Amino acid sequence: MDSQDTICATATATGGAIAVIRVSGPRAIEITESIFSKELKTAPAYTLHLGEIRDGGELVDEVLVSIFRAPRSYTGEDGVEISCHGSAYIARRIVQTLIKNGARQADPGEFTKRAFLNGKMDLSQAEAVADLLASQSAAAHRVALSQLRGGFSKELADLRAQLLDLTSLLELELDFTDQDVEFADRSRLLTLCTEIEQHIHRLTASFQTGNALKNGIPVAIVGAPNVGKSTLLNALLRDDRAIVSDIQGTTRDIIEDVMTIQGIQFRFIDTAGIRSTTDKVEQMGIERSQKAVQKARIILLMSEPGVPEPQLEITSGQTVIHIKNKTPEFQAINGTGLKELEQQLVRSIPRVSDTETTVTNLRHYEALLKAGESIRQVRQGLEDGQFIDLLSEDLRQCLHHLGEITGGEIVTDEVLGNIFSKFCIGK
Ligand SMILES: Nc1nc2c(ncn2[C@@H]2O[C@H](COP(=O)(O)OP(=O)(O)O)[C@@H](O)[C@H]2O)c(=O)[nH]1
Ligand SMILES: [Mg+2]
């Protein structure tokens with residue numbers, strides 16, 4: 001990718017009343033002017049211009065052109081946004097005309113990539129742009145927006161400052177070890193180190209919730225055949241999603257769908273009733289159910305009078321909600337008790353704090369795990385009375401992994417490619 005290129009792409013989805021074509025790069029204004037009915041060269045930043053787009057002699061559309069000038073634009077470059085009538089054909093024609101006149105079709109995420117390369121945002125903020133576009137619930141939206149606005153970046157900068165403090169304290173001691181003097185107070189080093197370790201740990205711990213919020217909290221509905229699992233799924237989804245019948249073994253595969261309750265997205269998973277069976281297909285379904293149960297964050301364990309709950313192995317991060325169906329208190333079939341169940345589901349999810357960072361991105365989580373491991377080694381070394389010079393390498397590693405998140409450290413083209421190729425074209 002040549003950052004000297006001028007790129008263009010349609011930035012809006014098809015089907016709207018207007019479409020917006022984005023142009024960015026050193027020749028953005030000049031190229032647009034060459035197909036526009038008015039002069040734009042001297043147009044000040046943030047002005048709007050009504051005029052016509054022509055392809056050769058042919059009128060394509062009457063449009064509104066907005067002017068942005070470097071560095072005060074999304075990408076940090078000169079930019080133009082052309083609002084035209086919302087026809088996929090018109091938008092395509094305008095992009096083609098721009099290309100004919102010297103622009104290049106943008107790659108997915110290329111506008112945001114340029115914003116990152118030009119220092120308009122760090123890597124974690126660029127990733128938040130994609131999360132924001134994909135957000136399906138109020139909670140996911142809130143986390144993405146906070147990350148986009150630099151909440152996480154600020155926290156990482158604080159951590160970095162603490163680590164640099166620790167480094168200089170260590171180096172101070174290193175200067176004096178030659179003279180056999182124990183200079184810096186090891187307990188002070190240890191306190192600082194433990195604080196950093198705990199801070200990183202809090203961030204990695206938030207990933208479990210963060211990741212679930214982004215993709216929907218997995219909730220498995222489990223119980224013996226015929227207790228009403230599929231009926232409950234349909235009730236929760238307000239939809240006839242799963243087949244309900246009084247024949248045991250009706251649900252043979254897992255069925256899942258998402259539903260947002262009070263701003264939190266849940267991913268409900270109806271499982272095949274767990275029983276011993278000789279039917280090969282049903283047995284496969286039961287095995288899938290067991291896997292789904294292992295991955296679930298919440299388990300709705302269903303029974304009915306006279307039918308016991310199946311025995312399950314529950315792991316520490318899982319919440320179990322017991323439901324006794326076909327009783328006066330709960331009837332999946334007519335929605336009795338459903339509101340209370342939904343309240344219970346919402347209450348079982350830790351509220352996303354507005355002040356504390358919630359990590360939602362796997363790449364960030366992995367970098368934080370590595371940073372946490374490095375700082376643990378430093379702490380261990382301090383406790384064991386290891387030589388200081390052996391610890392500075394681990395400290396450097398810790399800084400390096402934190403730097404990977406914001407892109408402050410050198411990030412490879414492969415990492416960048418991975419991140420931005422997931423964006424849509426025009427973003
Ligand atoms: N009386 C009553 N019957 C129910 C209720 N929920 C489900 N059923 C019936 O129980 C049978 C099995 O339901 P289904 O949802 O297929 O159970 P699953 O095998 O656990 O998925 C069906 O005949 C349902 O109509 C309920 O709340 N009350
Ligand atoms: Mg079923």
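Colleague: At what angle do helix 5 and helix 7 cross?
Modeller: Helix 5 (residues 138-148) and helix 7 (residues 186-215) cross at roughly 120°, and their axes come within 8 Å. Axes here are lines fitted to C-alpha atoms, for helices over the stretch in contact, with angles from 0 to 180 degrees between N-to-C directions. Helices (H or I, at least four residues) and strands (E, at least two) are DSSP runs, numbered from the N terminus. One caution: this is a predicted model, where local features need pLDDT of at least 70 and side-chain atom pairs count only at pLDDT 80 or more, while totals for chains, interfaces and linings use all residues. Residues are numbered from 1 along each chain as its sequence is written, and chains are lettered from A and ligands numbered from 1 in the order in which they are written.

Colleague: What residues meet there, between helix 5 and helix 7?
Modeller: From helix 5 you have Ala139, Ala140 and Val143, and they meet Gly210, Leu213 and Lys214 of helix 7. A contact means C-beta atoms, placed from the backbone, within 7 Å. By class that contact has four nonpolar, one polar and one charged residues. Ala, Val, Leu, Ile, Met, Phe, Trp, Tyr, Cys and Pro count as nonpolar, Asp, Glu, Lys and Arg as charged, and the others, Gly among them, as polar.

Colleague: Switching over, how do helix 3 and helix 4 pack?
Modeller: The axes of helix 3 (residues 110-117) and helix 4 (residues 123-134) come within 9 Å and cross at roughly 160°. That makes helix 3 roughly antiparallel to helix 4. The cut-offs are under 35 degrees for roughly parallel, over 145 for roughly antiparallel, 65 to 115 for roughly perpendicular, and oblique for the rest. Thr112, Ala115 and Phe116 in helix 3 meet Leu123, Ala126 and Val129 in helix 4. Five of the residues in that contact are nonpolar, one is polar and none is charged.

Colleague: Is helix 3 mostly covered or mostly open?
Modeller: Mostly covered, with seven of its eight residues buried. Buried means 20 or more other C-beta atoms within 10 Å of the residue's own, exposed means 12 or fewer, and partly exposed is in between, with C-beta atoms placed from the backbone. The buried residues of helix 3 include Glu110, Lys113 and Arg114. They pack against strand 1 (7-10), strand 2 (18-24), helix 4 and helix 13 (413-420).

Colleague: And what follows helix 3?
Modeller: Gly119 does, and its phi is positive, near 75°.

Colleague: Okay, the ligand. How many residues surround ligand 1?
Modeller: There are 19, and the closest are Gly228, Lys229, Ser230, Thr231 and Gln331. To be near, a residue needs its C-beta atom, placed from the backbone, within 6 Å of the molecule or strand. Helix 8 (residues 229-237) gives the most to that shell, with three residues. The shell divides into five nonpolar, 11 polar and three charged residues.

Colleague: Last one: where is Gly79, and is it buried or exposed?
Modeller: Gly79 is found in strand 5. Gly79 is buried, with 26 other C-beta atoms within 10 Å. Leaving aside neighbours within four places in sequence, its contacts are Val23, Ser24, Ala28, Phe68, Ser73 and Tyr74.

Terms used:
Two residues are in contact if their C-beta atoms, placed from the backbone, lie within 7 Å.
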